[in-house]
Amino acid sequence: MTTGPLFAPVSEGRLLDFPADPAACMRRLYETHGEVAALEERGQRIAFVFGPHYNHRVLSDPQTFHSQFFPIRGPRNSAQRRLTSGLLNMNGDAHKRHRRMVATPFQKSSIAGYQEGIAELARQMVWGWKAGETRDMSREMNDYMLRVTSSLLFGFDQHELAYEIGHATESWVKLNHEVGMGVFVSDPDITASYGDLLRHADDLESRIRRMIDLRRSTPPGRDVLSLLLQARDENGAGMSDGELIGQAAVLFGAAHLTTAHTLTWALFLLSQHPDVATELVAEMHGTLGDASPTFEQTEQMPLLNRVLKESMRILSASAYSQRVTSEPVELGPLSLPQGAVVVFSPLISHRMPEIFAEPERFLPSRWETLNPPPYAYIPFASGPRLCIGSSLAMMTIKTTLPTILQRFRLSVVPDSAIDARVIATMLAPTAGMPMRLSPATSQFTAPRIAGNVLDWIDLQPGDEDRAVQRAA
Ligand code: HEM
């Protein structure tokens with residue numbers, strides 16, 4: 001890789017290196033240039049920001065840095081256009097108005113009402129497991145979160161259709177990111193998939209329409225769609241069907257895999273740090289006994305909180321997201337024209353040694369004293385577009401992990417290759433997460449593992465001891 005003009009933080013290279021391996025590409029740029037960098041190919045650039053200073057610059061100024069999560073909008077009046085009209089693609093007043101309308105189902109009072117339903121789904125999942133089995137925890141968490149997200153969004157009584165919508169959303173989101181690269185990279189293979197994307201969008205939209213019709217024809221439930229159907233703006237206007245479709249698709253896409261990957265990484269990190277896991281089980285036992293957690297109890301386990309914070313720091317499910325400049329702008333040493341793509345990255349921002357000492361070690365105890373500067377720790381982004389579902393996600397995870405750990409000890413199958421790669425902006429365990437289930441009476445053990453996850457975490461023996469000693 002060659003550097004660009006003297007002092008400019010620009011690496012010349014293939015823009016396609018970014019979608020090919022976003023995590024490695026961002027890491028290289030950060031190591032080469034620091035907190036602001038650009039990748040350039042034949043005059044086309046993608047800009048990157050890392051760390052609190054530039055995260056603040058980009059995330060706190062939504063007027064200059066527009067959100068355009070789904071860059072392929074499709075023809076006017078197409079399903080693709082409607083599906084990409086949700087919060088993640090809205091800006092300005094339209095974003096503010098819709099954010100207020102979408103917020104109600106994610107307020108604390110609404111979230112409390114979902115908790116028992118989630119606890120029940122978690123219990124159903126673990127009742128199907130047996131000690132002695134080996135299961136792919138990544139697949140288990142994906143399936144489970146598909147069920148949870150379907151139920152939350154569309155009601156606990158429409159499983160089959162909700163499930164279909166979940167699968168259709170997942171492949172539509174993935175295709176959007178593949179084809180979306182074609183916006184700033186001209187590649188014939190990418191653009192050829194455009195028709196495929198439009199067909200996927202038609203299919204997904206017709207399923208969501210069926211669900212909306214069903215919801216309209218039955219008494220309102222406690223699900224998000226029922227609440228959105230009743231939502232009104234300050235002028236008393238509700239959402240059109242097109243708007244509902246856009247918000248439902250985005251909510252589904254934003255909630256399902258992010259939470260599933262976060263659960264999988266947390267289980268993985270705990271299994272590799274037996275002393276932390278043992279301490280955590282003791283905390284859970286002290287707070288819950290053998291019962292499922294209530295909504296209040298999910299907030300009463302400080303070690304669980306630290307474990308999740310650390311897990312979301314070191315293997316952040318959101319690896320990156322992007323903005324597009326609405327006007328020419330100076331971003332530190334970079335002059336960006338209107339329409340420039342700017343990428344920000346929780347994954348890389350969480351690894352700055354000056355803020356997070358020994359960044360590659362899983363040390364939940366650091367959160368006893370660590371209070372990072374604003375915009376340094378951003379698993380849910382920050383500022384006016386902070387993840388609207390962050391409290392719901394935390395409640396879901398804090399309900400699910402105890403339900404699993406009350407019944408089983410999990411350990412990765414020895415010598416498994418655990419890979420962490422970015423798919424559709426998320427850090428995913430792409431080679432699965434094979435884990436052995438042992439009864440709750442046995443000890444946690446941390447066998448040796450392989451795979452590129454070891455590029456992202458430092459599993460030195462003794463980490464867990466230190467973490468527990470400091471937590472004690
Ligand atoms: C652990 C799970 C989750 C993680 C790590 C996560 C992460 C994020 C991040 C990083 C963003 C900012 C994206 C950007 O600005 O480009 C975001 C936005 C968003 N998230 Fe989440 N999220 C999670 C769960 C959820 C859930 C459960 C929901 C809803 C059911 C949700 C709905 C949204 C929405 C609607 C936005 C867009 C907000 C806006 O632009 O105003 N997320 N999330």
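## Close-up views of a predicted model

**View 1. Ser321 is placed in strand S7.** Helices (H or I, at least four residues) and strands (E, at least two) are DSSP runs, numbered from the N terminus. The structure is a predicted model, in which local features need pLDDT of at least 70, side-chain atom pairs count only at pLDDT 80 or more, and totals for chains, interfaces and linings use all residues. Residues are numbered from 1 along each chain as its sequence is written, and side-chain values use heavy atoms, with hydrogens and water left out. Ser321 counts as buried because its relative accessibility is 11%; buried means under 20% relative accessible area, exposed over 50%, and partly exposed in between (1.4 Å probe, protein chains only). Not counting residues up to four places away in sequence, Ser321 touches Phe69, Val342, Val343 and Phe344, where contact means heavy atoms within 4.5 Å. Between Ser321 and Gly155 there are 29 Å in space, C-alpha to C-alpha, and 166 residues in sequence.

**View 2. The ligand sits in the largest cavity.** A cavity is a set of points, on a 1 Å grid over the protein atoms alone, where a 1.4 Å probe fits but cannot get out; a molecule sits in a cavity if more than half of its atoms lie within 2 Å of its grid points. The elements that give two or more residues to the shell around the ligand are helix H5 (92-103), helix H12 (241-271), strand S7 (321-325) and helix H16 (390-405). H12 gives the most, with six residues. In total, 23 residues surround the ligand, and the closest are His95, Arg99, Ser321, Arg323 and Cys387; a residue is near a molecule if one of its heavy atoms lies within 4 Å of it. By class, the shell has 13 nonpolar, seven polar and three charged residues. Here Ala, Val, Leu, Ile, Met, Phe, Trp, Tyr, Cys and Pro count as nonpolar, Asp, Glu, Lys and Arg as charged, and the others, Gly among them, as polar.

**View 3. Side chains of His95, Arg99 and Ser321 each place a polar atom by an oxygen atom of the ligand.** The distance is 2.7 Å for His95. For an N or O atom in the side chain of Arg99 it is 2.7 Å, and for one in the side chain of Ser321 it is 2.5 Å.

**View 4. Asp223 lies in the loop between helix H10 (194-217) and helix H11 (224-230).** Asp223 counts as buried because its relative accessibility is 3%. The side chains of Asp223 and Arg215 are joined by a polar contact of 3.1 Å. A polar contact is a pair of N or O atoms within 3.5 Å; within protein, one must be able to donate a hydrogen and the other to accept it, and residues adjacent in sequence count only if both atoms are side-chain atoms. Beyond four places in sequence, the residues touched by Asp223 include Ser151, Leu152 and Gly155.

**View 5. Glu133 lies in the loop between helix H6 (108-127) and strand S6 (134-136).** Glu133 counts as partly exposed, at 22% relative accessibility. A polar atom of the Glu133 side chain lies 2.9 Å from the backbone nitrogen of Lys130. Leaving aside neighbours within four places in sequence, Glu133 is in contact with Gly128, Met435, Arg436 and Leu437.

**View 6. Tyr375 lies in the loop between helix H15 (346-349) and H16.** Although Tyr375 is not a glycine, it has a positive phi of about 70°. Tyr375 is buried, with a relative accessible area of 12%.

Note on methods: On a 1 Å grid over the protein atoms alone, a cavity is a set of points where a 1.4 Å probe fits but cannot get out, and a pocket is an open set with protein on both sides within 12 Å along at least five of seven lines; lining residues have an atom within 4 Å of a point.
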